[in-house]
Amino acid sequence: MTAKVIDGKAFASNVRAQVATHVTRLKEVNGLTPGLAVVLVGEDPASEVYVRNKGKQTVEVGMNSYEHKLPAETSEEDLLALISRLNADPAVHGILVQLPLPGHLDSDLVINSIDPAKDVDGFHISNVGLLGTGQKSMVPCTPLGCLMMLRDHHGSLSGLNAVVVGRSNIVGKPMAQLLLADSCTVTIAHSRTKDLASVCRGADILVAAVGRPEMIPGDWVKPGATVIDVGINRIERDGKKKLVGDVEYGSAAEVAGAITPVPGGVGPMTIACLLANTLTACCRAHGLPEPE
Ligand code: NDP
């Protein structure tokens, strides 16, 4: 069997087009332009690329983008003061603080100082609690993108066995919550899991969010399973720099029913979902119906 390739790039471009249509309507009918503020502290090269892409795509869908680049030595007090100003600014509907923050800053404190209604990354403790209890929340962008692709491929996820490898607060745990809310039977695996191979082989849906290049080989994949590869790993092979996922794509694609490639799978969906969350935040802030 050769797996269907889930084209995250095309999917994301569709999501962005839908967001852009809603934004046009919001402007015309309600005189509103959603605004996203992105805060970057320090000069981490990967973060700078992400922030640039976010800004570009925000403007492309017709939203306002506000970038705040602060020096690495910025004090916690100054960062919290900026967030407080953004919380109070009616033109800003979404606030994202790019992680990781420099070591002297307390990420939990900073994230929890964002107004939960503007927390478009869904990392604020209130949103984590709302998601865990099945209430209306802001859903973290990467798992939301994975869920959208899974729903599109399967229709209903009810009763499927889902294995999420990785238990981080930004990917693994919220992914598991979303799959549970969609009535999957969910297993969360991590670095202490015994016999990970056989745990993975039980999965109808296998989500890999580990950060280890190609650690999941094809013979850990159940025939016909759907594989969502969240991993983004930069490696050097045959003298060339390359991006690979957490799954060994070639061997997994021979066994799986469907698979996301790296690059071009989960990655593009993350920013698309960030834009969708900003649109949702804007609609909620103004008491307007939320886009589907
Ligand atoms: P973290 O490092 O925060 O978490 C990694 C998880 O993997 C941990 O729970 C860890 O377990 C688990 N793990 C590590 N080694 C093993 C192992 N040998 N066997 C089983 N589990 C293991 O990573 P993130 O969740 O932040 O990111 C995961 C990957 O996803 C990375 O490659 C990252 O670049 C990528 N990513 C991609 C995004 C996108 O937009 N596509 C967005 C965010 C992340 P333990 O808890 O026991 O240590």
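The model is predicted: local features need pLDDT of at least 70, side-chain atom pairs count only at pLDDT 80 or more, and totals for chains, interfaces and linings use all residues. Residue numbers start from 1 along each chain as its sequence is written. The chain holds 10 helices and 11 strands. Its radius of gyration is 19 Å, close to the 19 Å given by the globule rule for 292 residues, so the chain is as compact as a globular protein of that length. Here helices (H or I, at least four residues) and strands (E, at least two) are DSSP runs, numbered from the N terminus. The radius of gyration is taken over C-alpha atoms, and the globule rule is 2.2 Å times the number of residues to the power 0.38.

**Overall fold**

- Along the principal axes, the C-alpha atoms of the chain fill a box of roughly 50 × 45 × 35 Å.
- Of the 292 residues in the chain, 44% are buried.
- A residue is buried if 20 or more other C-beta atoms lie within 10 Å of its own, exposed if 12 or fewer, and partly exposed in between, with C-beta atoms placed from the backbone.
- Among contacts in the chain with a separation of 6 or more, 68% are between residues 24 or more positions apart; a contact means that the two C-beta atoms, placed from the backbone, lie within 7 Å.

**Annotated domains**

- UniProt, in an unreviewed entry, lists "domain: Tetrahydrofolate dehydrogenase/cyclohydrolase catalytic" for residues 6–121.
- Residues 6–121 are 49% helix and 16% strand, with end C-alpha atoms 24 Å apart.
- For residues 140–284, the UniProt annotation (unreviewed entry) is "domain: Tetrahydrofolate dehydrogenase/cyclohydrolase NAD(P)-binding".
- The span 140–284 is 39% helix and 21% strand, and its end C-alpha atoms lie 17 Å apart.
- UniProt positions follow the numbering used here, feature names are shortened, and annotations may be inferred rather than shown by experiment.

**Around the ligand**

- The shell around the ligand has 25 residues, of which Ser168, His190, Ser191, Gly211 and Thr270 come nearest; a residue counts as near if its C-beta atom, placed from the backbone, lies within 6 Å of the molecule.
- By class, the shell has 10 nonpolar, 12 polar and three charged residues.
- Ala, Val, Leu, Ile, Met, Phe, Trp, Tyr, Cys and Pro count as nonpolar, Asp, Glu, Lys and Arg as charged, and the others, Gly among them, as polar.
- Helix H10 (residues 266–285) gives the largest share of the shell, three residues.

**Helix H10**

- H10 has 20 residues and reaches 28 Å from its first C-alpha to its last, close to the 28 Å expected at 1.5 Å a residue; the expected span is 1.5 Å times one less than the number of residues.
- H10 is largely enclosed by the rest of the structure, because 17 of its 20 residues are buried.

**Backbone details**

- Most residues other than glycine have a negative phi, and most peptide bonds are trans.
- Leu99 and Pro100 are joined by a cis peptide bond, with omega about 0°; Pro100 is in the loop between strand S4 (94–97) and helix H4 (107–111).
- A cis peptide bond with omega about 0° also joins Val262 and Pro263, and Pro263 is in the loop between strand S11 (258–259) and H10.
- Ser183, not a glycine, has a positive phi of about 65° and lies in the loop between helix H7 (172–181) and strand S6 (185–189).
- Ser183 counts as exposed because it has 12 C-beta neighbours inside 10 Å.
- Asp195 has a positive phi near 50° and lies in the loop between S6 and helix H8 (196–201).
- With 9 C-beta neighbours inside 10 Å, Asp195 counts as exposed.
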